[in-house]
Protein chains: 2
Amino acid sequence: MSVSTVSKALNNNSSISTFTKERVVKLANEWNYIPNEAARHFKQSKSFTLGLVIPDLMDQFYIQAINGVEAVAGHNKYQVIVAQSHEDAEKEAQIIQNLISSRVDGVIIAISKSTKKTELFQRLEQTGIPVVFLSRSLNDSAFDAVATDNENGAELAIDYLVKKQHRRIAHLMGPRALRTSHLRLQGYRCALEKRGIPFDPALVKEIDFSAPQTNKVMKALFALPDPPTAFFTFKSYVSLDALRFIKDRYPQQLQKVDIVGFGNLPLIRYLDHKPSASIDENSFDMGTAAAQLLLKHIDNQEEQALPVSTVRIPCKLIVHH
Amino acid sequence: MSVSTVSKALNNNSSISTFTKERVVKLANEWNYIPNEAARHFKQSKSFTLGLVIPDLMDQFYIQAINGVEAVAGHNKYQVIVAQSHEDAEKEAQIIQNLISSRVDGVIIAISKSTKKTELFQRLEQTGIPVVFLSRSLNDSAFDAVATDNENGAELAIDYLVKKQHRRIAHLMGPRALRTSHLRLQGYRCALEKRGIPFDPALVKEIDFSAPQTNKVMKALFALPDPPTAFFTFKSYVSLDALRFIKDRYPQQLQKVDIVGFGNLPLIRYLDHKPSASIDENSFDMGTAAAQLLLKHIDNQEEQALPVSTVRIPCKLIVHH
DNA sequence: TTGTAGGCGTTATCAA
DNA sequence: TTGATAACGCCTACAA
């Protein structure tokens, strides 16, 4: 029997008789034959592989996103290669180089904090490898992206706090250098005004994610003539620092104050004093959306270029008990 | 210029003149030529890729192990493919099948809780793909493995507690079905006896990792005529449950009691009431050791089979402040 | 329904 | 020092 017959039989080609197919499959099993995917991909000049570049696997936000990507990829017979940039733009560049070398069919990337250049991503696209940015993206809007719907998340947080009768809601905003910080601030402001609560700039404080800095602004906020009774934070690690400040300095306020921040950290469930709620960014869904978008591009390779699209994934309010 | 000349030039083959090499490299850069690794691997029938199978990426213990594997692999020009079994033996089997298909050069695996069969691992070895078990392994000792030095970890824990003047040290042991549980119990017992403290079976309680079960045994321990003043737990999640029990039921004991368990969970640093210490299993080192062992086998392919070896990675005591 | 032959990109061998 | 050619394992037209 010829190799081509065997190949067709194993690929369930319609031109092969059922009898032959059965014989082939039987022998293949008996002999533990496993096709060489590498050769297959090489021949088809398609690797059925997606590259997924992540800043840091210790961050469980990304783990969930990976799970989302893997779910969609697996469902479509694609493999996923995960690589870590460790927040290092050079390492990231090396990874992308490797991904091009191994001829992945597409790349999903959450860029490192230090990534500035758009050049490598253009190179990817030129090479015919579509790219989707996940969560973090360049300001350059020439690429597809999947990101948190920050306004929506802020809206959920403010809605929750206002429904709990808070009127003086502070915002610990992220560094102004990040676009996300502005989006969340914007969402906070809109949500307040939509509910007839005037925006008070005195209640907005920029933080840099360090505990001392957070303590400093918390101190300032509590020193106001009309101090806030609730806090909306840029991310939950800030909520934890804020909470600790209150425990240490205003323990009598602990039960009255409410704190909500972005990021539903799994570790919160182990805390005695939890933030009141978290804005879950649905990173699993971000992963699935990114993978779907990427696959759409991959399947579209030949045809006309698809328009650039940015998908915003809505958030979910998680109340901690 | 012929393809073979170019190939040799790019691979820095000694039979090519410096002049030609320079010209080739220059043009390759200009034209953004990136060699097709897939074809290369195919031709060399070597993928320079290690498969790494992990039960669950949400467990940061494994993330550190991955980092260790990647460090060694990268240093030796090997790629790492990480796959999750999600504790499902069937999914795990599928992953191994895929790894064989893609002709990885070796596999490192932390088996799922439900993995029983040794067949697939034998298949891997037959196919010429060496396997190293990481952290968790089959009872079958026919395979190489890298694991925690459980006796050493127990010794560290008991040493710490005895130095803090404890004489009544309970052990919340893991399920008897796990070999690790027995090893840690054994280490506990030896360490006590070495320090002249008689082993008291009444101080040993089996737990199943559920909070209610832990509460039950804690209650029993405190009801003893001579209750323990310290606790050595199978893992830190159990320490957390034990701690909560004490906070709820014996708050006055909170400052007196010491708790030490296996596993240095990153989340501990966010707790108000921490276990006194943790036994860090050095999972990064486990990763590097596993990768080194695997590479040794890969490089040894042709030659005589290496003897089966089990590497025990020593632990580290981490005191929480 | 089955078999033959060519080719995917690279490297190794051998000839020039 | 360089070039021609075969081979890696698989798939796919096309021929039988």
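At what angle do helix α7 (residues 150-163) of chain B and helix α8 (residues 179-194) of chain B pack, and how far apart are their axes? The two pack at about 45 degrees, with axes 8 Å apart; the axes are lines fitted to C-alpha atoms, for helices over the stretch in contact, and angles run from 0 to 180 degrees between N-to-C directions. That makes α7(B) oblique to α8(B), given that angles under 35 degrees count as roughly parallel, over 145 as roughly antiparallel, 65 to 115 as roughly perpendicular and the rest as oblique. The crossing of α7(B) past α8(B) is right-handed, that is, the near helix is turned clockwise from the far one by less than a right angle.

A word on ground rules. This is a predicted model, where local features need pLDDT of at least 70 and side-chain atom pairs count only at pLDDT 80 or more, while totals for chains, interfaces and linings use all residues. Residues are numbered from 1 along each chain as its sequence is written, chains are lettered from A and ligands numbered from 1 in the order in which they are written, and side-chain values use heavy atoms, with hydrogens and water left out.

Staying in chain B, His166(B) sits in the loop between α7 and β6 (169-173). His166(B) counts as buried because its relative accessibility is 6%; buried means under 20% relative accessible area, exposed over 50%, partly exposed in between (1.4 Å probe, protein chains only). Its side chain makes a polar contact with the side chain of Asp258(B), at 2.7 Å. A polar contact here is a pair of N or O atoms within 3.5 Å; within protein, one must be able to donate a hydrogen and the other to accept it, and residues adjacent in sequence count only if both atoms are side-chain atoms.

Helices (H or I, at least four residues) and strands (E, at least two) are DSSP runs, numbered from the N terminus, and the expected span of a helix is 1.5 Å times one less than its number of residues.

| Helix | Residues | Reach, first to last C-alpha | Expected span |
|---|---|---|---|
| α4(A) | 60-75 (16 residues) | 23 Å | 22 Å |
| α7(A) | 150-163 (14 residues) | 20 Å | 20 Å |

α4(A) is mostly covered, with twelve of its 16 residues buried; among them are Phe61(A), Tyr62(A), Ile66(A) and Val69(A).

Just after α4(A) comes Lys77(A), with a positive phi of about 65 degrees. Lys77(A) lies in the loop between α4 and β2 (79-84) and counts as exposed because its relative accessibility is 67%. In chain B, Lys77(B) also has a positive phi of about 65 degrees, although it is not a glycine. Lys77(B) is placed in the loop between α4 (60-75) and β2 (79-84) of its chain and is exposed at 69% relative accessible area.
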